[in-house]
Amino acid sequence: MNHSRRHLLQGISASATLASLSRFGISEAFAQSATDYKALVCVFMFGGNDGNNLIIPADTAGYAAYNAVRPVSSGINIGQSELLQFQPRSGTRVFGYHPSMKRLQPLTQSGKVAVLANVGPLNAPMSKADFQANKNRPYQLFSHSDQQQQWQNADSEEISRIGWGGRLADAISPMNGAAQMPVITSIAGSVTFGQGNQTTMLTVPSSGTFGLSGITGTDAVTTARRDALFALLDEGRDHTLVAETALGLKTAHALSGIVNPIVTTANTTVDALFDTNNNGLATQLQRVARLIAKRGDLGVKRQIFFVSIGGFDTHANQANTQTNLLSQVDAAVASFYESTLALGVANQVTTFTMSDFGRTFKPAAGGGSDHAWGNHHLVVGGAVNGNALYGSFPSLVLNGNDDVGEGRWLPSTSVDQYAATLASWFGVASADLPRVAPNINAFATKNLGFV
Amino acid sequence: MRCCVSSLYSRAVARVARIALLLPVVLSAQALAQASPDATIVEFYLAPQNKYFLTSKPSEWAVLDGLSANGWRRTGLTYAAYSGEADPAAKPVCRFFHPGVVTHFYSIDPAECALLRSLPRDFVDEGVAWYAYPPAVNASEPSGKSCASSNTALFRTFNNGAIANNGPANHRYFGDYTFYQTYSAKGYALEGLAMCLPQTSVEKRADAARLLFQATFGARPDDIATVTNTGTTAWIDQQLNLPPSQYTPRDWVPNTRPDTCVNTSTPPLTPTSYCQRDNYTLYLPQKEFFQQAINNPDQLRQRVAWALSQFFVTSGVDVGQAYGMIDYQQMLRDEAFGNFKTLLTKVTLHGAMGRFLDMANNQKPDAARGIEPNENYARELMQLFSLGLYQLNNDGSYKRDTKGVALDAYTQEDVEDLAHVMTGWTYPTVPGQPSRTVNPNNNKGYMEERAQYHEFAEKTVLGKRIASNLSQSQRLNAALDAIFVHPNVAPFVSKFLIQHLVTGDPSPSYIDRVAKVFQNNGGGIRGDLKAVVRAVLTDIEARGAAKWAPSYGHLSEPVLKLTRLARAMNTTTDGVYFRGATASAAQNVFYAPSVFNYYPPDYSLSKSGVLAPEFAIYNTSTALARVNTIYATVYSNIQPDATVLGATGTQFNLSSYTSIAADSNALLDRMNEVLFAGRMTAATRATIKKAVDAVAATDAVGRVRMALFLSASAPDSQVLR
């Protein structure tokens, strides 16, 4: 671990002050005001999605390599005939999706989906020799909590509670002018991804009312209760924690007044596009679509959303579990893309996936796979340069150059590059990218070009 | 009154203040039974000059209350005292006025009073201010003196008038030691313990209520009297000696759920009707957690075990089968007041932790297979369970090199060597199954040695040699000893317990005092958690008069928020309702999102930098959910859950409130004690009273619900202090 850097970052996570920005040589907001609308939507697959079964080479040699390590007897084999094929325009090889990706396959072929192959947390470009020499290794590889953090904060040298979504929000918040609506909205609770140095995410529940109970009504008792509750929040206080508690509740109530009518009111343009039965991700993305529909009312030019789906930690019984989960992802993300089309903002909304880590290409006993590293991810939207594969697909050979053990792929592309590409599309200037992706200058390519 | 004219700093006051520190301390001979105080000392503040003034004379209160236009106001702080020699141990406090500096000085020391009387040109003798008790010499206390635990220790600070923004020279006195210490950073001299003041029954009941916030899952209406009748220290000792509540144990189940193990709602309800829920989720231990936290007497043990479960985190995210989590949580209860080394050993070897952090079946290096030992547990053991990332002084501050850079507590080599030393442990053998070299998943009980998978090479952990000729378990023990004796452990563990029980941003001196007890319980034992917990709760920064430091205390975490309300409502419950109510409030019991817990101990507020761990999960969604959960609980009737065998539902017994509900002032007095520990502000009281009065006096339940909902929702009650 690089100690000087570690201490630098510790200062940031601990104090979260403006002063910490001096680390990047920047002392003031740099984003220009914007006239257009853009939104980024992060779909986080908690537990570590097995990308090796999400995207499989469909050419004869490629599939043979896959089948050699993951034969039918492993319990996690996807048959060649089951693959939903697509031919990335960026190369000659044919690939196939997991059979659950029924709706994203045609979207890929129509150029709305790009594949980012073998991406993962890195401090700097890394060779297998570097890994074996323990040079530049991200901390706590293969650990859920640490790798979730590193995906969310694009920082693999030391624990930081500031996420790259939050830093991106810090960077572009001036574009939203005086809008009361925060830049980031999480429909999936407090997450590191959305915590900035200056900005804090709005968290909205995935279902039900976002607002206070028991305050609507005109009878004397309800009126007295409502008036009293608000009076309690307005009482001046000199205790730090009491004041913070009151402010948090007051802010939440004020924002709920703006947001709740949007997320709980049926929207005839987008609602019917989602099938939310047994699909929590669709429920969350439906709320995102309702919010985007009202972007004009909210007065925002840039929005970042965080949604999630869990259960991908498939050490055993992977075949059924992953099929179920990927079916939900496929339906929810495709529905969401269609909703952006219906709203006329398909070219202004980009959805992207993240997950704890990839999983071992070598099968684990019990029909599963174990924690690994590099993984394949999808970027969806009208602005995406799709039907293409970015990064470099790993050689599906155990103990090959891409494998650091049991089929754990050494990433060819970093989370920093992934984040920086999306940040560039969002309007962050190249020179300012380190504010969002701290290690980006260690990589030659700062914009992967997928959007 | 001669207190209202500005003046410059006078050397005389400083000189007297210095002399006072050198004067011999009078030993007090306080009677065991103290008289009830009959005087109130009120603190006034003159904002334009930053001056503080204490008086117990109602005639002077009237004068100063009439000078509000000049900037005089009450700070809200009051203390109890005697107007005369109420009992033989009470002594007069002399009051002097220094016209040059325009400040008052108070002393209980006869020699100090005599000295000032000998300086009539500098000091005007204003007679006896009130009566109080002299401090006793006590070398073990921070100031070298102490007061009886039933008294308020009043500390003196001095602003010499030469510090920017502090205004002219002035003394300020503090009954809150935490607040007193914070004045050092403002440039005030901390002049030590000035006198001991009696406490009113209201003050004692407020301290008892605060103790209940710190040491239990909330105060039941009768608990406050129990604590005051027993005495705080005796009550703590009673709690430390109660036997642990028991989770209902469950038998091992296979890792993969059999297809026959499903949930069926078809009657009749049998113990296996909800096979999947009861075995493959943590529904039952969650339910029992609330049932026992709300109903059972061993409150302190359960509260500390709950804190420990957020220190030695295992989570249903990975350890999702009830039988294992029950066994692990019971172990934390059983060991909560034992020795930290024993606890560390049991945590390390428990099958639930073995699974959660991958120590189970972690094998020695195998070049042929390309296997290296998993470092997950070795790293978290040091980073989260014992040492932290940086070397600590005993007061919890970082040790730094000459350039000011914090020093790492351990190296990557320590992690790797420790990981090697910890190889060769497999899951406990499943009852009724043969023992295997690599046992299948079993999260109940303790892991077993498999020497063939243990790395016996000599290693060095934290500078301690782990010899190759020791047995596997001896090598593990040697490594845990190397951690246990590390100087970080005492402040690291002490600070965590203080943060969870008392205050989120404890003073360095508080950490230091508790850490010293961790090092030595007084009988030469290191790591005695019973002594450590007692030290946390009996410390001067936990007990005594109301706490006024501006960041004292902590936000009640979602679980505590709800159990506190339940106990205030005199609830009897089977726990079903409460497990459901917290599951959606960012604190799903035993399902922390990761080993980093629901919230980290080092989370700080971005604006003030104050450490405030619970605020890491306080967001727009949970802020509303907290209040809505209070509303749902207060205004609901909770029926037994038909899917739970033996369900009894939840009953509230509000009779101690409904019986006085017609008198809204009496009702608010009860709320102030049970939910605010006496810290309901006048404005909050007026606000809630108005709403209670809006409910017809004949609707006793309606009034009580209004009072409970608003009191539990009030920001002053959501923060425990």
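# A guided tour of chains A and B

Begin with both chains displayed: 48 residues of chain A are in contact with 57 residues of chain B. The model shown is a predicted one.

**The side of chain A that touches chain B.** Select helix 1 (3–15), helix 5 (144–153), strand 7 (202–203), helix 7 (220–234) and helix 8 (240–264) of chain A; these are the elements that each give two or more residues to the side touching chain B. If the residues are then coloured by class, the side of chain A that touches chain B shows 22 nonpolar, 21 polar and 5 charged residues.

**Chain A as a whole.** Chain A contains 13 helices and 12 strands. Along the principal axes, the C-alpha atoms of chain A fill a box of roughly 75 × 50 × 40 Å. The radius of gyration of chain A is 22 Å, which agrees with the value near 22 Å for a compact globule of 451 residues. Of these 451 residues, 57% count as buried. Among the contacts in chain A with a separation of 6 or more, 74% are accounted for by residues 24 or more positions apart.

**Chain B as a whole.** The C-alpha atoms of chain B fill a box of roughly 90 × 70 × 45 Å, taken along the principal axes. For 721 residues, a compact globule would have a radius of gyration near 27 Å, and the 29 Å of chain B agrees with this. In chain B, 54% of the 721 residues count as buried. Residues 24 or more positions apart make up 72% of the chain B contacts that have a separation of 6 or more.

**A pair of helices in chain B.** Finally, select residues 201–215 of chain B, which form helix 5, together with residues 223–230 of chain B, which form helix 6. The two helices pack at an angle of about 110°, with their axes 9 Å apart. Helix 5 and helix 6 of chain B are therefore roughly perpendicular to each other, and their crossing is right-handed. To see where they meet, show the side chains of B:Lys204, B:Arg205, B:Ala208, B:Ala209, B:Leu211 and B:Leu212 in helix 5 of chain B, and those of B:Asp223, B:Ile224, B:Val227 and B:Thr228 in helix 6 of chain B. By class, this contact has 6 nonpolar, 1 polar and 3 charged residues.

Terms used:
Residues are numbered from 1 along each chain as its sequence is written. Chains are lettered from A and ligands numbered from 1 in the order in which they are written. This is a predicted model: local features need pLDDT of at least 70, side-chain atom pairs count only at pLDDT 80 or more; totals for chains, interfaces and linings use all residues. Axes are lines fitted to C-alpha atoms, for helices over the stretch in contact, and angles run from 0 to 180 degrees between N-to-C directions. Helices (H or I, at least four residues) and strands (E, at least two) are DSSP runs, numbered from the N terminus. Angles under 35 degrees count as roughly parallel, over 145 as roughly antiparallel, 65 to 115 as roughly perpendicular and the rest as oblique. A crossing is left-handed if the near helix is turned anticlockwise from the far one by less than a right angle, and right-handed if clockwise. Two residues are in contact if their C-beta atoms, placed from the backbone, lie within 7 Å. Ala, Val, Leu, Ile, Met, Phe, Trp, Tyr, Cys and Pro count as nonpolar, Asp, Glu, Lys and Arg as charged, and the others, Gly among them, as polar. The radius of gyration is taken over C-alpha atoms; the globule rule is 2.2 Å times the number of residues to the power 0.38. A residue is buried if 20 or more other C-beta atoms lie within 10 Å of its own, exposed if 12 or fewer, and partly exposed in between; C-beta atoms are placed from the backbone.
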